[in-house]
Every structure is written in structure tokens, then in C-alpha cells.
Amino acid sequence: GLKLGTNKSATADEYKLNQNYPNPFNPTTTIQFAVPQQGLIKLVIFDLLGREVTTLVNEVRPAGTYKATFDASGLASGAYFYRLQAGGFVETKKMILLR
């Protein structure tokens, strides 16, 4: 099966941002993403008002499949957004924190 981890696993042939799991979550959730070439990767969490909550990833990484864990301890219940920026790729998805 697919191996998960912060280490490089299978090479990716396209940019991809997966839906977080579990979702809804409390208090932690995992976000998996893939990048086909080395470059600066930014994975940022926002609240409903568009304010930055935290930056999970902000570094140059080689091509590969990655996962990041978001710990929402201390945050209010509700919807949050996560945005992946890598190369010219930008995608945003929504997740739900349920206490």
C-alpha cells in the first residue's frame, strides 16, 4: 500500500492536495499532498475570515508525497481552510473542527 510519512515516498507526477483526514477532526488531522518537482512548498491554515492561523510547511523540498499534521488544540470549533502553494500551483480546501 501507499506509505505515508514526512519522508519522500513515491515520486509524484502532478501537484495534488488531498482532503484532510479525519474530517471532521478533533484535535488533530492529517493533510497529504504531492509535488512533482523540487521547489518552495507552503501549506498554510486560515480561519473563516481569511486570517492565517498557522503555517505547517514553508520550505524547499524535493518532489514526492508528503503529509503534515495540524493540531487545532486551543482553536474554536468551526470551518478552517488549508492552502497549498508550490510552483505555480495553488489549491485551497475546507476542513471542519468539531469539539
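This is a predicted model: local features need pLDDT of at least 70, side-chain atom pairs count only at pLDDT 80 or more; totals for chains, interfaces and linings use all residues.

Visitor: How do I read a pair of aromatic rings?
Guide: A ring pair is described by the distance of the centres and the angle of the planes. The whole structure holds three aromatic pairs. One of them is tyrosine 15 with phenylalanine 89, a stacked pair with 5.3 Å centre to centre and 10° between the planes. Tyrosine 15 sits in the segment before E1 and phenylalanine 89 in strand E7, so this pair ties together parts 74 residues apart in sequence.

Visitor: And the sheet: what is the order of its strands?
Guide: Strands of a sheet pair through backbone hydrogen bonds, either parallel or antiparallel. Here four strands form an open sheet in the order E4-E3-E6-E7, and the pairing is antiparallel. E4 (52-61) and E7 (89-97) are the edges, each with a single partner strand, so one side of each has no neighbour in the sheet. On average, neighbouring strands are turned by 15° against each other, direction ignored. E6 (residues 78-86) is joined to E7 by nine bridges, and glutamine 85 stands opposite valine 90 in E7.

Visitor: Where are the cis peptide bonds you'd point out?
Guide: One joins tyrosine 21 and proline 22, with omega about -10°. Another runs from asparagine 23 to proline 24, with omega near 5°. Proline 22 lies in the loop between E1 (16-17) and E2 (28-35), and proline 24 is in the loop between E1 and E2 too.

Technical notes: Residues are numbered from 1 along each chain as its sequence is written. Side-chain values use heavy atoms; hydrogens and water are left out. Two strands pair if DSSP finds at least two bridges between them. Helices (H or I, at least four residues) and strands (E, at least two) are DSSP runs, numbered from the N terminus. Axes are lines fitted to C-alpha atoms, for helices over the stretch in contact, and angles run from 0 to 180 degrees between N-to-C directions. Rings of Phe, Tyr and Trp (its six-membered ring) pair if their centres lie within 6.5 Å; planes under 30 degrees apart count as stacked, over 60 as edge-to-face and the rest as tilted.
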